[in-house]
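The structure is shown first.

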Amino acid sequence: MGVKKKMGKKAFLFPGQGAQYVGMAKEFYERFPVCREVFETAEKATGLDVAALCFEENEKINITEYTQICMLTAEAAILKALEDAGVHADVTAGLSLGEYGALLAAGVLSLSDAFYLIRKRGIYMQEAVPEGGAMTAVLGLDADAVCRVCEETDGIVSIANYNCPGQIVITGEAAAVAAAAQACGKAGAKRAVPLNVSGPFHSKLLNGAGEKLQAELERTEIRDIQIPYLSNVTADYVTDKNLVRDLLVRQVSSPVRWQQSVERMIADGTDEFVEIGPGRTLSGFLRKIDRGALVCNIDKMEDFERYVNR
């Protein structure tokens, strides 16, 4: 008699800043009342016409304090459409601001509170951005080598993102980031690509933004965790809801351990990953972390229909 194969787990993944585009989630807004309600909740929570910011040509969508609320609203709308269709996850995680999408999927935050917090997070991060901050993606050099280079470089520079094998993002003061990128090249990196971002995110230069966010989090209800979610800070499951506030504060200025988070989910039996929201960034990372994992992204209506009707 053959051994019955153990059913794997499904993960919902939520992307971070940089994947946004004008028109994201518009098809969902137009088709599903539950998705329109998500946008209405975002407007009430923030005082912004989030639908207009997401759907109409504008420059604000690429400015951090607006990008974050737009991205989370689009992600939440698609999540609600999936849940309404009876699709649910066993585990969830999100990259940077995407962690708030994971918190929604895990039942930890109400929609209204999540939108209010991410709006404040965007504002505080924008305000905290110092002159001369930068981020650069280092390609083709292992994390330990990048970490050593950062430690040996004068000024403030550190790892911001462990995205996938061969892709590490560094962050900090522009001069220090440039020097570290050059040193990474000498150490064997294939390329160093400066990122078009408005600040040195996930560095200690953003500590002030985390402190301001903490005050908002203290006033926010943290609900019981309904499905396991992983923290960017620890790359581990959060099982105690009383740790959520501290982890979200630390997340603003700590490295995003995305590769480690995905590896932890895989080790725990997760074999299907559904990226929810704009772009295919996380799907790309996943294929480099584990070529055998089943990966799909749900960004457009055609993606949604293909997935729910399979």
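**Helix packing and ring pairs**

Q: Which residues of H11 and H12 meet in this predicted model?

A: In H11, Trp258, Gln259, Val262, Glu263 and Ile266 make the contact, and their partners in H12 are Leu282, Phe285, Leu286 and Ile289. By class, this contact comprises seven nonpolar residues, one polar and one charged.

Q: How is the packing of two helices described?

A: Two packed helices are characterised by the angle between their axes and by the distance separating those axes. Here, helix H11 (residues 258–267) packs against helix H12 (residues 281–289) at an angle of about 65 degrees, and the axes are 11 Å apart. The crossing of H11 past H12 is right-handed.

Q: How many aromatic pairs are there, and which residues form a cluster through ring pairs?

A: The count comes to six aromatic pairs. In the pair of tyrosine 29 and phenylalanine 39, the ring centres lie 5.2 Å apart and the planes stand at 85 degrees, so the pair is edge-to-face. Because tyrosine 29 lies in helix H1 (residues 26–31) and phenylalanine 39 in helix H2 (residues 33–46), this pair ties together parts that are 10 residues apart in sequence. Ring pairs also link Phe28, Phe32 and Phe304 into a cluster.

Q: Is phenylalanine 39 buried or exposed?

A: Phenylalanine 39 is buried, at a relative accessible area of 3%, whereas tyrosine 29 is partly exposed, at 26%.

Methods:
Residues are numbered from 1 along each chain as its sequence is written. This is a predicted model: local features need pLDDT of at least 70, side-chain atom pairs count only at pLDDT 80 or more; totals for chains, interfaces and linings use all residues. Side-chain values use heavy atoms; hydrogens and water are left out. Axes are lines fitted to C-alpha atoms, for helices over the stretch in contact, and angles run from 0 to 180 degrees between N-to-C directions. Helices (H or I, at least four residues) and strands (E, at least two) are DSSP runs, numbered from the N terminus. A crossing is left-handed if the near helix is turned anticlockwise from the far one by less than a right angle, and right-handed if clockwise. Contact means heavy atoms within 4.5 Å. Ala, Val, Leu, Ile, Met, Phe, Trp, Tyr, Cys and Pro count as nonpolar, Asp, Glu, Lys and Arg as charged, and the others, Gly among them, as polar. Rings of Phe, Tyr and Trp (its six-membered ring) pair if their centres lie within 6.5 Å; planes under 30 degrees apart count as stacked, over 60 as edge-to-face and the rest as tilted. Buried means under 20% relative accessible area, exposed over 50%, partly exposed in between (1.4 Å probe, protein chains only).
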